[in-house]
Amino acid sequence: MATKNSRTFDFKDIESLEVFMTSHGKIHPAKRTGLRAREQRRLKRAIKYARFLALIPFTS
Amino acid sequence: MTEHKHIYQAMFLLDNEEVRKGFNASRDWVKTTLEKYGIDVKVLRLWGERQLAYPIGGRKRATYLLGWLEASGDAVNEVKRELYLLGPVFRCLFLQEDSIPEEELATGIQEIADSEVIIPEEVEEVEEVEEPYEEPYEEPEEEQRATEEPAEGEKSEEGEKAEGDKPEEKSEKPVADAAGDNSEEVKKDGN
């Protein structure tokens, strides 16, 4: 359950996911995204779902 | 034993070749297949038609169908097997969610006229064959020299010809005599 301040990610919202990715399609580390561990895990999952559905590339 | 039902968000990727025949037919096939396994389809709507980030089975574009379902875990596993074997679905994703958003519930089973679903033709990209770069032909330096400067044998012949053209007086005078003449002149200057 997402708390008040924690951030959630939707795999369908490609534009917001691409902010946290490099131009080659890699996920930025938490150090760079500034997300908490739980949020970073949510981001990772959303990106992986989007990749599976061919919404974003695995690599480029 | 009663199976506990969960709420799932599902995304189906439909083959454009099948959707061209009729979007509603493809959507209905997905709906009936889901219902066959006891899944309660709350929402099923067109999410979009777009280019794939990477080709899947030779397909470069696909139609995305979004659904919100109420189903048991076993039913989801079984229906996945059938979806991949038959019909227009070539990829699907089921995610367990807490609740269905109200905006989605308002959509319900979306009815769209087939003519409204416009699917562009997949244009096969013709690979441009690059012609190999050919350097302009340049004659080798030796040949160029040969054209500019004649060979030694030719040169001597030409030299002879040139000498033949020269007046006879110069040719008759020996080199040594000419030097002697000059020495005499120097002596005269010194006196």
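Met11(B) stands opposite Leu66(B) in strand 3 of chain B. The model is predicted: local features need pLDDT of at least 70, side-chain atom pairs count only at pLDDT 80 or more, and totals for chains, interfaces and linings use all residues. Residues are numbered from 1 along each chain as its sequence is written, and chains are lettered from A in the order in which they are written.

**Strand pairing in chain B**
- Strand 1 of chain B pairs with strand 3 (residues 59-71) of chain B in the antiparallel sense, over 9 bridges; two strands pair if DSSP finds at least two bridges between them.
- Strand 1 of chain B also pairs with strand 4 of chain B, again in the antiparallel sense, over 8 bridges.
- In strand 4 of chain B, Cys92(B) is the bridge partner of Phe12(B).
- Of the 9 residues in strand 1 of chain B, 7 are buried (20 or more other C-beta atoms within 10 Å of the residue's own; exposed means 12 or fewer, partly exposed in between, with C-beta atoms placed from the backbone).

**Chain B as a whole**
- Chain B has 8 helices and 4 strands; helices (H or I, at least four residues) and strands (E, at least two) are DSSP runs, numbered from the N terminus.
- The order of elements in chain B from the N terminus is β-α-α-β-β-α-β-α-α-α-α-α.
- Chain B has 191 residues, and 17% of them are buried.
- Of the contacts in chain B between residues at least 6 apart in sequence, 78% join residues at least 24 apart; a contact means C-beta atoms, placed from the backbone, within 7 Å.

**Side of chain B that touches chain A**
- Contacts between the chains involve 8 residues of chain B and 8 residues of chain A.
- Strand 1 (6-14), strand 2 (40-56) and strand 4 (89-97) of chain B each supply at least two residues of this side of chain B.
- Strand 2 of chain B gives the most, with 4 residues.
- By type, this side of chain B has 7 nonpolar residues, no polar and 1 charged (nonpolar: Ala, Val, Leu, Ile, Met, Phe, Trp, Tyr, Cys and Pro; charged: Asp, Glu, Lys and Arg; polar: the others, Gly among them).

- Glu141(B) lies in helix 5 (residues 141-148) of chain B.
- Glu141(B) is exposed because it has 8 other C-beta atoms within 10 Å.
- Glu141(B) and Val30(B) are 111 residues apart along the chain, and their C-alpha atoms are separated by 76 Å.
- Lys48(A) is in helix 3 (residues 37-52) of chain A.
- Lys48(A) counts as partly exposed because it has 14 C-beta neighbours inside 10 Å.

Note on methods: Contact = placed C-beta atoms within 7 Å.
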